[in-house]
Amino acid sequence: MDRRNFFKIVSTASAGVAATSCGKKEALIPLLVPEHQIAPGEEQWHPSVCTECSAGCGVIVRVMEGERIVERNGQKFRERIASIKKIEGNPLDPVSSGALCARGQAAVQSLYNPDRVRGPMHRTGDRGKAAFSSMSWDDGIAAITKAISATDKSKVVFLTTAPAGSRLAGIQRFLQSIGAPAAYTSSLADFSIERQAAQAVFGWTGMPDYHVSQARYVLGVGADFLGGWVSPVYYGGQFGRFRQGRLGIRGKLVQAESRMSLTAASADEWLPVRPGFEPHLLVAVGRLLLEEKLARAAEQLPPGVTESILGADLQQLIRSTGVDPNVLRRVARELGESEAPLVIGGASVIHSNSFQAIVASHYLNIMLGNVGRRGGPQAPHPASDVAAANPNVVEALKAAQVVFLDGENPVYTLPPSSGVAAALASKTIISFGSFIDDSAAYADVILPSHHPLEAEAAVVAMVGGPATSVAVATPFVRPLYDTRPLEQTLGDIARKLNVAFEPVTAKSFVQPLLPNGETWDNVALRGGLWLEGEANAQPLKPVSKNMQWSDPTFSGDALQFPLQFQPYLSVQYHDGRGANLPWMQELPDPASSAMWGLPVEIDPKTATKLNVATGDWVRVESANGKLDAPAYVHPAALPGVVSMAIGEGHTHYGRYASGRGANPISILAPAQETSTGVLAFGATRVRVARLEQRPSELIQFSPQDREQGPWGHR
Amino acid sequence: MSNSEHRWGMAIDLDRCTGCQACVTACHAENNLPLSDPESAAKGRAVHWIRVDRYYEGEFPNIRVKHVPVLCQQCDEAPCEPVCPVYATYHNEEGLNVQVYNRCVGTRYCGNNCPYSVRFFNWFDPVWPSPLELQHNPDVSIRMGGVMEKCTFCIQRIKRSKDDAAAESRPLKDGDVKPACVQSCPAEAMVFGDLNDPGSKVSQLAESGRATRLLEELGTKPKVFYLQKAT
Amino acid sequence: MATLPAISSDEGIRRDLWRPLAGASSRYLIVLCVLSAVALWGLVAWGYQLYRGIGVAGIRRPVFWGFYLVDFVFWIGISHAGTLISAILRLTDAGWRKPVTRAAEAITVFALMIGGLFPIIHLGRAWLFFWLFPYPNSRLLWPNVRSPLMWDVTAISTYLTGSTIYLFLPLIPDVAQLAKRATGWRRRMYRMLSLGWTGSDREWNALESAMKLMAGIILAVAVSVHTVVAWDFSMAVAPMWHSSIFGPYFVVGAIFSGIAALLIVMALIRKTMHLEEYLTPHHFNNLAKLLLLMSLLWLYFTVAENLTAWYGNEPKEMNVFGARIRGNFGPYFWVMVLCNFVVPFVLLGIRKLRNILTATIASITVLIGMWLERFLIVVPTLSYGRLAATWGRYTPTWVEISITVATFASMGVLYLVFAKLFPIIAIWEFETQSEHED
């Protein structure tokens, strides 16, 4: 699909809107009569937005004929419908650049998932047992209205996965109009530490953008930007051009991470930094840059920061990171000498001091003089400031009386030690989700909204700033089930509550951003509004004037629980959302090649000590819980650090995810990142013991992870 | 070698590849690959026409990871072709190793003789819990149990691009054809094109000093070129 | 000749050899029933596989060939019993062969029938097996003669035809005799099979030359058949398969297992049919010596195959070699060496130990060892392919095991029925000793 073809075949993108909103006038078409506009063998491409994560990739969707069986009055009919065949990146969209990650492409399997909620339902069994029976929309809305009216509005908690954009704006407006607090997110992938660090150092709201493709030397610290961090699609594209996109120039990537992530695997060098010592590594590099007079813009550093860096004990800092001092010195020199150096700090695994690390990374960029320049960190687009991020979600949930769930799954993404799951047992819970997941199993009422591929949306990209980048979706297929757009449901509730509420549509969201001469219709046709230039660039106004670093703290007694535990966001499951997609389940895990279940990654030394081999089952135990899972002896794991991808271990999430594997979040301590209060999911200590039984096999696509066998060739 | 107009080839830049496996899912979506389940996957029967082989090299802390996307190499001297007793796999005029599902009786000899192990067998009739089948690409046939299947270089996309070009009475241009994996790759690590056209990007990459071919020593003459990591 | 049983009259021979044809003891019936049940169970397993799909077997990527191909090679190997004993000995005029030939030739035919089934059992779409035959079809397509599997089809069908004729020719005088005595349907059958044999000199001469001719032809076919079977593997570029030694290695292995099978069958016949006078320790001694010789030859080839691979130290071959010698196939390998070399060498190489019992024991271990040998040729190479990321383990399922076991039972059933219908030792070869020996 190139641009020319794309324009050619994008057809009446908004035709579906009318069909959806005018209710259930569903024509039953007997066999072999095509639905309007759908001719066998002919393809149409429609623009849309991927909402599998909050990066906001603009996509195009291939629509062709499909056939489904519907039952009416006990009789079965074959109905020819427009069905979605494939999702690709929108070539016009700067975030995806026409490409798309595995999970984004698998979104079609959530649309056509056999376990989708097919209509409004109410709970008939105990909470958490997922026993529901169907109800009418009217009854559902009445029930919700009743619950809200009877509640102190400050105790209404709305959890949403919606990225910055029209859906979130609509939710916020709804909450405002009924007098409830702003929406929360309970996902581990909201990157709120990164946002807060950007706010503190640069005064920016939103995610800074890193122009990797124009850098020559990148030092990544803690940010798995080619894997589970922010947008592997966007940064993958940047990385490709960084490496081989410029004649005669090849960028060098050095990645410091406490795990061999996809980014570390792609890097030219990996610095295995001890978990939680990322700030120390960054300060050491800063100190080396200053010492060797390689900090070309040292004068831009706030004096307090320079002072604290120079006051540090370099030897001590380097030693604490666990990285070879000579290597670190060389990397610092190479970075400082590079024509276009860039430091990317992030918290793919959140430790107690992750904020400090990201702040330090920003100061490094400042002293390297690259902020706002080509190849440096860029200010985010101002419209992205609406992303729901609140570290106090646990307290809010505990105090809540009515909880709305819009795609969020707090029972899964918040550790039981936080007490959330237990607290939910006494709330009125309403889910707008498409699936009965761990949390929806607690719901009183499920009012399923349209699948994102059936709905309209405008999403502000998390990356690509400061240029305006808003991807837009307008509906183009009929909803498969008795679902409604969330905006409509919220409007109905507001009307019942007698509250004035104007829903936010994609159009009304985009309209104010339109430059002169641009029209909504054009934007809808192209699938987004992408403006060149940096007219709205946020100015640099540093808030923080100093820099601190402290040793990480870990929850759990070091003697009893000698190992550090790192759950991490994976490319296939993200924060656990991807687990109900069969394509993701059968996608070999990049580290272990595991399919249909995730292992615990243990380093070879610890494994030998524990007498554990790949495929053996182990019990990972913290002071707050335990989980059993197969082990993968990871040749590149840090000694004493046990990692596990997040994604499996759902109690409820359809046939592909329910009851499969273990959830690493379930054994976490309720530790907080010190500066921000965000759940520090990498700050729990554990012990590991080998289990005698193997309840099931560790399924690997490629069990052999070395090119040579253990015998033979010498 | 054929005198045909096109000779399709691919170049994969390992310096760009991040191992994200977007290509793997793209292939599933495009080619109606059978769905695995834990039981079949445990038996080694999961199907990935393109896979990303990963190897660890060295020992901690001096350890590196090698990612190699492996798909059918579309060998010019394909070991899979002569061994098929019923001509279910053959070389078409554009240099593709074509698998004719209807002709296959399932001796699986081709699978044994493929040094890249990129051939997959349908052990059973495939099953998609409804309505997942709504996603099926009508351009690609569903394979029945008992037959071999493998990467086709997205022959249906080649066909569509040719038809599009013909409809506009113009020759096929370099870059017109993109198999699903190539299309999906965020890092643009994969390039597809006509090796008969010396000006095509893939031809030029194939000439690059970094170009190697997988198991080149076997003389299979693959048409997939791997550009090794620069250092 | 010393090799001949000391039997006085033609009448005595006929009485001894016809005895097993009449009636059926309860022991015979029980054994027949049990074996038939096992064979039927195999059919059920196959039916299940046809119904559900070939996936009910344990084969997988990358081990696309498993038990079925192992069984195939094994049974084709067993089929070499008849050829060697009968054809070689007939051509070299070794007199002691006479009581042995028919038993051997029957093994050949039955083993081929069983072995020939496996390529079909193993197909993904077994019901389309006839697509491998060259016939004018709607697809206007002839089979691909470049495929070693087509060579297989050709070689095995030729071999089956040839060896059936070869079994049948020496049967003619015997069935002619039987036709005179038998009654009912048996009489009709024998008459039909005797092809109007009258026993004239012209007929005898024609039979003699036909048998000589067939012996020569069948020998060549047999060698080529197992070479072709070997080429199924060695034509592939897979590590440790791509070897020029495989042709002769497989032929030697085939003859080796063929003799072992023959020894076992002979021991069973001797015991159950009370033919001690016909199948004497002398026969067993000769065959045991032959088995010993083949064991040494087998060892030579095995060493040659593995030593060259090891010395060559080619990484991809070493993966397979290592897995076979030391890795997860190691135990099977060393059991194979024990079965194929150590046991026969000790039991048969030491003259004092060599007797009917030890020859039978050694034969049983050789059969086990040779089955393992084929397993170790087929599976490790496929498990450890050229790209390490594709390595995978194969575990057979109950379907494959059932079908494998059932083929042994089928062999028993076929043999029991055959022995009930035809004299297991060629009667005329004894009777006409004086007349037809030059």
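User: What makes a residue part of the lining of the largest cavity, and which ones lie nearest its centre?

Analyst: The largest cavity is lined by 44 residues, of which Thr51(A), Thr161(A), Gly407(A), Pro452(A) and Arg577(A) lie nearest its centre. A lining residue has an atom within 4 Å of a cavity point, a cavity being a set of points on a 1 Å grid over the protein atoms alone where a 1.4 Å probe fits but cannot get out. This is a predicted model, in which local features need pLDDT of at least 70 and side-chain atom pairs count only at pLDDT 80 or more, while totals for chains, interfaces and linings use all residues, and side-chain values use heavy atoms, leaving out hydrogens and water. Residues are numbered from 1 along each chain as its sequence is written, with chains lettered from A and ligands numbered from 1 in the order in which they are written.

User: Why are β5 and β6 of chain A said to stand at the edges of their sheet?

Analyst: The open sheet has six strands with mixed pairing, in the order β5-β4-β15-β14-β13-β6 (chain A). Strands β5 (132-134) and β6 (156-160) of chain A each have a single partner strand, so one side of each is left without a neighbour in the sheet.

User: How do you know that β4 and β15 of chain A are paired?

Analyst: Pairing requires that DSSP finds at least two bridges between the strands, and two bridges join β4 (residues 121-123) to β15 (residues 445-446), which run antiparallel in chain A. The partner of His122(A) in β15(A) is Val445(A).

User: Which strands form a hairpin in chain B, and where does Pro61(B) lie?

Analyst: β2(B) and β3(B) form a hairpin with two residues between them; nine bridges join these antiparallel strands, and Pro61(B) lies in the loop between them.

How values were computed. Helix = DSSP H or I, 4+ residues; strand = E, 2+ residues; numbered from the N terminus. 1 Å grid on protein atoms, 1.4 Å probe; cavity = no way out; pocket = protein on both sides within 12 Å on 5 of 7 lines; lining within 4 Å.
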